[in-house]
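Q: I would like to learn how to read the packing in a helical model. Where should I start?

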Amino acid sequence: MSSTQQPSSKKQTLFIASLIILWYSSNIGVLLLNKYLLSNYDFKFPIFLTMCHMSACAFFSYISIVFIKLVPLQPIKSRPQFLKIATLSVVFCCSVVGGNISLRYLPVSFNQAVGATTPFFTALFAYLMTFKREAWVTYAALVPVVTGVVIASGGEPGFHWFGFIMCISATAARAFKSVLQGILLSSEGEMLNSMNLLLYMSPIAVLVLVPTALIMEPNVLEVIISLGRQHRYMWLLLFINSTLAYSANLSNFLVTKHTSALTLQVLGNAKGAVAVVISILLFRNPVTAVGIGGYTMTVLGVVAYGEAKRRFR
């Protein structure tokens, strides 16, 4: 029996590794395209961009499930189940809006430093909502992960209380969404596969983001149409960016389903380090020894976290 289980275990490990690689590639691709749009096309509408992403998720999920039939269509069976999906969508939108507001008052480096505390909030919500505990060694591995990102972000003198509150709220909301997503994907009686969850969640997110964009970015339609006329490739880049967002969201759901919300958040910190390296190579961003040391500490923390999860499962 052990010889039969060993190939199965290897396949499972390879499958999870493939999901993580897909998640990294899609997220980093979206990040680099976002930077390119913002740098070259003066595209300063992150809420509208998020709405485009979620619209693509709704469209591609519908095509994949209804027409291509990659997975069977799973209907929503109850009102509580729908409310969970709606809550997941609203929390996601709140985290995006809160993060965008905080950037008006805080420097990006400090915003990233606060965002590095997401695994802490994830562990907290996972315990409060599911009573799931990790070994103390696993929690200890989170210390260099958070510390490394804080060091790499650097100390910025600018501090604003309202911006800080909005940033920490957005970070907590992002962690809450991750844990809630894991519950919805695994609870008995209301189990949805990741593609069906994305199919139902993304249209609700669009309905929330449309009025939010019109309120917070009131001239978005005029500027977008004007930019589209000035730059003929902008719409193509926006389409590619939105398509990658579908891949990123789908792989995000799958990684959460096959690992855990805490693992997802810690891998997200490592993804930031990988994205920084690629960004430096492509855009020739200036770096410092402190930044390199901080991100190195983050990667080592992720390795220690993975080893702790394996040994103290």
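**Core and helix packing**

A: Start with the core. In soluble globular proteins, nonpolar side chains tend to be buried together. This model is predicted, and its largest nonpolar core has 54 residues, of which L37, F43, F48, M54 and I85 touch the most other members.

Q: Which elements give two or more residues to this core?

A: They are α1 (2-40), α2, α3 (79-102), α7 (161-186), α8 (194-216), α9 (220-230), α10 and α11 (261-283). The most comes from α8, which gives 11 residues.

Q: What lies apart from this core?

A: Another core of 6 residues does, and F121, A126, A175 and V179 are among them.

Q: What is L37 in contact with, leaving aside its neighbours within four places in sequence?

A: The contacts of L37 beyond those neighbours are D42, F43, L49, M234, L237, L238 and N241.

Q: How do I describe two packed helices?

A: The description uses the angle between their axes and the distance between the axes. Here, the axes of α2 (residues 46-67) and α10 (residues 234-258) come within 8 Å and cross at roughly 65°. Angles of 65 to 115 degrees count as roughly perpendicular, so α2 and α10 are roughly perpendicular to each other. The crossing of α2 past α10 is right-handed.

Q: Which residues make the contact?

A: From α2 they are L49, C52, H53, M54, A56, C57, F60, S61 and S64. From α10 they are L238, F239, N241, S242, T243, A245, Y246 and N249. Sorted by type, the residues of this α2 and α10 contact are 10 nonpolar, 7 polar and no charged.

Key
Residues are numbered from 1 along each chain as its sequence is written. This is a predicted model: local features need pLDDT of at least 70, side-chain atom pairs count only at pLDDT 80 or more; totals for chains, interfaces and linings use all residues. Side-chain values use heavy atoms; hydrogens and water are left out. Axes are lines fitted to C-alpha atoms, for helices over the stretch in contact, and angles run from 0 to 180 degrees between N-to-C directions. Helices (H or I, at least four residues) and strands (E, at least two) are DSSP runs, numbered from the N terminus. Angles under 35 degrees count as roughly parallel, over 145 as roughly antiparallel, 65 to 115 as roughly perpendicular and the rest as oblique. A crossing is left-handed if the near helix is turned anticlockwise from the far one by less than a right angle, and right-handed if clockwise. Contact means heavy atoms within 4.5 Å. Ala, Val, Leu, Ile, Met, Phe, Trp, Tyr, Cys and Pro count as nonpolar, Asp, Glu, Lys and Arg as charged, and the others, Gly among them, as polar. A nonpolar core is a set of buried Ala, Val, Leu, Ile, Met, Phe, Trp, Tyr and Cys residues joined through side-chain atoms within 4.5 Å. Buried means under 20% relative accessible area, exposed over 50%, partly exposed in between (1.4 Å probe, protein chains only).
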